Amino acid sequence: MTGSTPPWKRRFPSRGADHGPSDGPHGVRDDERGSSDTGSASLEPAAGPADHGDDLPVPAEPSVSVVGRRTAAIRQKAREGVRKGGSRARAGLAYLTDRIIEIAPRIPVRDLATLRRQFPGLGPEQLADKLVAGAASATASVGAGIGAAAMLPVPPAMPTELAAEITGVAAIELKMIAELHEVYGARPPGGLRQRSTAYLNSWSGERGIDVTKPSTINSALGGHMKRELRQQIMKRMVRDLPNLMPFMVGAAVGAVMNRRDTRKLADRIRKDLRTFQVPWDQLPELPPLKPPADALDVGNLPKELGM
């Protein structure tokens, strides 16, 4: 009975004894894997359905065409977003340009005689300094007011606040430019519309108008001038973005930056005007400037403009 299990130790009588080899117990029984001829149980995993890779479903990977279509769709959406954003920005610039062109003839301008009556005893440079100081203080007030309003938690109103600031500052600086031309004896020829267009050209190009060279005076609202106006407005928008910072920081920044920018503009204009300045005693008698019928209230710009 060598190599077999005694009958009294069999747990499952229905199963037969493991008949080992007749020459001795050289193999070891492995209940799950069977006998091994090497005398030890096999450590290899039992064969089963997992050993056959073909029997299990393999997750399908997206084809190249599907990935390409998804990428193309994402790119198309990105292009549409950029295009819509660009069209909105162009529309906003066009609106601001038209608004500034519309209000330019409504800005009341004091002629030289009126300025000399209001500031008696001052020469051209002293009178120009007064005009620049008043304009810088006014644009600083606009910047501070818009910066204070920007602290309110209403993000959709920020573009409107920025447009109001740019329009208000433009009106103040256009008035300053027109009166500086009066002080330096360089009033552009023509009527109200022609002079307003010339002052718009001076504001957009940040240069004075040489009335001794009529060819340099652009009195027509052409495409080139509108492009210059849009570029100037874009520069102002970029510079005015810090004014929208919250917690009253934008108010302080707006006041400082507007004051600085107005003074820089005035310095450039005055530098050009000095080159072709006409002394007061040599000025021909010019007709007085009448205020426009629908004059703009420069002291109350945001309310007046409906912003």
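Which residues lie nearest the centre of the second largest pocket? They are Leu 112, Ala 113, Leu 283, Pro 284 and Leu 286, among the 16 residues that line this pocket. The model is a predicted one, in which local features need pLDDT of at least 70, side-chain atom pairs count only at pLDDT 80 or more, and totals for chains, interfaces and linings use all residues. Residues are numbered from 1 along each chain as its sequence is written, and side-chain values use heavy atoms, with hydrogens and water left out.

**Overall makeup**

- The chain has eight helices and zero strands, where helices (H or I, at least four residues) and strands (E, at least two) are DSSP runs numbered from the N terminus.
- Read from the N terminus, the order of elements is α-α-α-α-α-α-α-α.
- Of the chain's 307 residues, 35% count as buried; buried means under 20% relative accessible area, exposed over 50%, and partly exposed in between (1.4 Å probe, protein chains only).
- The accessible surface is about 18,600 Å², and 58% of this area belongs to carbon and sulfur atoms; areas come from the Shrake-Rupley method with a 1.4 Å probe, and for residues only the protein chains shown count as cover.
- Among contacts (heavy atoms within 4.5 Å) between residues at least 6 apart in sequence, 72% join residues at least 24 apart.

**Nonpolar core**

- The largest nonpolar core holds 46 residues, and those with the most contacts inside it are Leu 174, Met 176, Leu 180, Leu 200 and Trp 203.
- Two or more residues of this core come from each of helix H1 (64-103), helix H2 (112-118), helix H3 (124-149), helix H4 (158-183), helix H5 (192-205), helix H6 (223-240) and helix H7 (249-275).
- With 13 residues, H4 gives the most to this core.
- A core of this kind is a set of buried Ala, Val, Leu, Ile, Met, Phe, Trp, Tyr and Cys residues joined through side-chain atoms within 4.5 Å.
- Not counting residues up to four places away in sequence, Leu 200 touches Ile 100, Ile 101, Ala 104, Leu 174, Met 225 and Leu 229.

**Second largest pocket**

- About 260 Å³ of space lies in this pocket; the volume is the space filled by probe spheres set on grid points, which are joined across faces, edges and corners.
- On a 1 Å grid over the protein atoms alone, a pocket is an open set of points where a 1.4 Å probe fits, with protein on both sides within 12 Å along at least five of seven lines, and lining residues have an atom within 4 Å of a point.
- H2 and H4 are the elements that give two or more residues to the lining, and H2 gives the most, with three residues.
- The lining divides into nine nonpolar, two polar and five charged residues.

**Buried polar and charged side chains**

- Glu 173 lies in helix H4 and counts as buried because its relative accessible area is 0%.
- Leaving aside neighbours within four places in sequence, Glu 173 is in contact with Thr 139, Trp 203, Arg 236, Asp 261, Thr 262 and Leu 265.
- His 181 is also placed in helix H4, and its relative accessibility of 0% is why His 181 counts as buried.
- Beyond four places in sequence, the contacts of His 181 include Ala 186, Arg 187, Tyr 199, Ser 202, Ile 269 and Leu 273.
- Gly 208 is another contact of His 181; the C-alpha atoms of this pair, 27 residues apart along the chain, are separated by 7.9 Å.
- Glu 206, in the loop between H5 and H6, counts as buried because its relative accessibility is 14%.
- Phi of Glu 206 is near 55°, a positive value in a residue other than glycine.

Technical notes: Nonpolar A, V, L, I, M, F, W, Y, C, P; charged D, E, K, R; others polar.
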